[in-house]
Amino acid sequence: MIAGVAPRDLPDHQRVVITGLGLTSPNGNTWEAYREGLLTGRSGVREYEIRYIGQTLAGVCDFDPLKYQSRKESRRGTRAGGIAIYCARGAVEHSGIDWDNTDRSRVGIYIGVTEHGNVETENEIYEIKGYDYDTAYWSHHHNPRTVANNPAGEVALSLGVVGPHYTIGAACAAGNAGIIQGVQMLRLGDCDLALAGGVSESIHTFGIFAGFKSQGALAVHTDPTRASRPFDMDRNGIVVSEGGCLFVLERLSDARARKAQIYGEILGYAMNTDATDFVLPNPDRQAECMGLALRRAHLAPSDIDIVSTHATGTASGDSQECIALRKVFDGSGGTRFNNTKSFIGHTMGAAGALELAGNLASFQDRTCHATINVDVLDPDCALPGLILNEPQELSHANTILNNSFGMLGINSVVIVGRYT
Amino acid sequence: MTPAEIRDEILDILDNIAPDDDLSNLKDEIPFRDQMELDSMDFLDIVMELRKRYRVQIPEEDYPQLASMQSTCTYLAPRMLDLERIAR
């Protein structure tokens, strides 16, 4: 972003807009179904079993992997790759772009991931256990499945993209980081169209469940749909989920030239680092990240209509984010706050992108979806504009600030505005 | 294993590797690659599956023997004569 120039005053070739999106979420495999789920309180969390852990809870996607892949392609690739292809091809279709006549060397693929490769490595170790750990039985597919660029590379193969493709490893800030990378590459002229966002296959690695459980941060509840409960007094941890969301990003000049429908404009973004702890968040740095994104967007906190919070349902994380939110939004009476993880759990690398997509629909329906599963609001999380349990119609919905934070103190914020 | 049993086993492996292909008209004397979409990773899948199912070891220099169903069965017949599938 150019310092001193408001984003909407930039020339059209420096303004970046959203012209399409594709997603799969535990509660919907299209933007419409997902939004309907968020407005009607439909959870995507269910009982789930995985080796060594046994019964637990997870957000599971039920998209048809054969919609865009042959059975052989699906078998050859990874779950993250399959999710990414489903999202990417859905996004391209949604954008209405003439794909057959799109220069594939000018398309960039930028996909955020929390982690990648654990699923396949665990599977291989489990497999060779049956052969006395003889590595002669280790699959030749392991390396192409576990290289960190795998999900983006699978999209490139599926769509014939020969421009840049890579993933951005950014813990649970990755979805926003993918979007930010896409915006930056468009502004640099590195590509003309960016497929950007995040994906996660993490529910297929027992290690992530075991790690959160050992950390005392894995949610448990007798009713799976009630397990993900950020801001509630009885919250007890994270529901691990899979999912993905990729946006089609274009320069405004290109979008206007092809008369594309524009769903939103990237007005600001920021990433920074706590540098204080491996897992515990730092509200000062989170607040600084939000403040930097607001300054770049040339917006005041009171200009933000909806804040999409990151809160995951842990005791510490939720209250720390609320400290940061109060620092930034104190006095912004009209700003509403919600939390999408309460519906779908924590989709890890996809979270930033999916949660933005869930809120992006508010530009059309002028409704702020709620934070569900709050029976008794934690006083530490009692933000004035927090939308609890039922969606709220708004007089206007023109700006969204999307928080996404992760381990090792990585913070990301994206601000999107209605295109005018 | 008889050559016919080996053929059935290879067909089962191919069905897993190339689930979109119709194998009912597979010609034994024609190379797999001339009839199916198979790449080098797929051939390694055949080798790996035989290793896992029967512990049969196929050295890399012998991979060209797996070009067609006919050559594969001819190559494997003496090596799998006394082998049975390992239950896992």
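1. A salt bridge here is a side-chain nitrogen of Lys or Arg within 4 Å of a carboxyl oxygen of Asp or Glu. By that criterion R85(B) and E9(B) are joined through their side chains, at 2.9 Å from N to O. R85(B) lies in the segment after α3 (69-79) of chain B and E9(B) in helix α1 (residues 3-17) of chain B, so the pair links distant parts of the chain, 76 residues apart. R85(B) is partly exposed at 46% relative accessibility, while E9(B) is buried at 11%. Buried means under 20% relative accessible area, exposed over 50%, and partly exposed in between (1.4 Å probe, protein chains only). Both residues belong to one network of salt bridges with shared partners, made up of E9(B), D12(B), E49(B), R53(B) and R85(B).

2. This is a predicted model, in which local features need pLDDT of at least 70 and side-chain atom pairs count only at pLDDT 80 or more, whereas totals for chains, interfaces and linings use all residues. Residues are numbered from 1 along each chain as its sequence is written, chains are lettered from A and ligands numbered from 1 in the order in which they are written, and side-chain values use heavy atoms, with hydrogens and water left out.

3. Chain A has 14 helices and 14 strands; these are DSSP runs (helices H or I, at least four residues; strands E, at least two), numbered from the N terminus. For its 420 residues a compact globule would have a radius of gyration near 22 Å, and the 20 Å of chain A agrees. That radius is taken over C-alpha atoms, and the globule rule is 2.2 Å times the number of residues to the power 0.38. The C-alpha trace of chain A spans about 65 × 55 × 40 Å along its principal axes.

4. Of the 420 residues in chain A, 62% are buried. Among contacts in chain A with a separation of 6 or more, 78% come from residues 24 or more positions apart, a contact being heavy atoms within 4.5 Å. Chain A exposes about 15100 Å², of which carbon and sulfur atoms supply 51%; the areas come from the Shrake-Rupley method with a 1.4 Å probe, and for residues only the protein chains shown count as cover.

5. Helix α1 (residues 31-40) of chain A has W31(A), Y34(A), R35(A), G37(A) and L38(A) buried. They cover an arc of only 155 degrees around the axis, which puts them on the same side of α1(A); the arc is that of the directions from the helix axis to the C-beta atoms. An α-helix has 3.6 residues a turn, so residues three or four places apart point the same way. The face turned away from the buried side of α1(A) carries the exposed residues E32(A) and T40(A).

6. What do the buried residues of α1(A) pack against? Their partners in chain A are β1 (16-24), α3 (79-95), α12 (341-344), α13 (351-360), α14 (362-365) and β11 (367-368). After α1(A) comes G41(A), with a positive phi near 80 degrees.

7. The whole structure holds 29 salt bridges over all chains. In one of them, D365(A) pairs with R35(A), with the closest N and O atoms 2.8 Å apart. This pair links helix α14 of chain A to helix α1 of chain A across 330 residues. D365(A) is partly exposed at 29% relative accessibility; R35(A) is buried at 6%.

8. A salt bridge also joins D42(B) and R76(A), the closest N and O atoms being 2.8 Å apart. The pair crosses between chains, from helix α2 (residues 40-54) of chain B to helix α2 (residues 71-76) of chain A. D42(B) is buried, with a relative accessible area of 1%, and R76(A) is partly exposed, with 23%.
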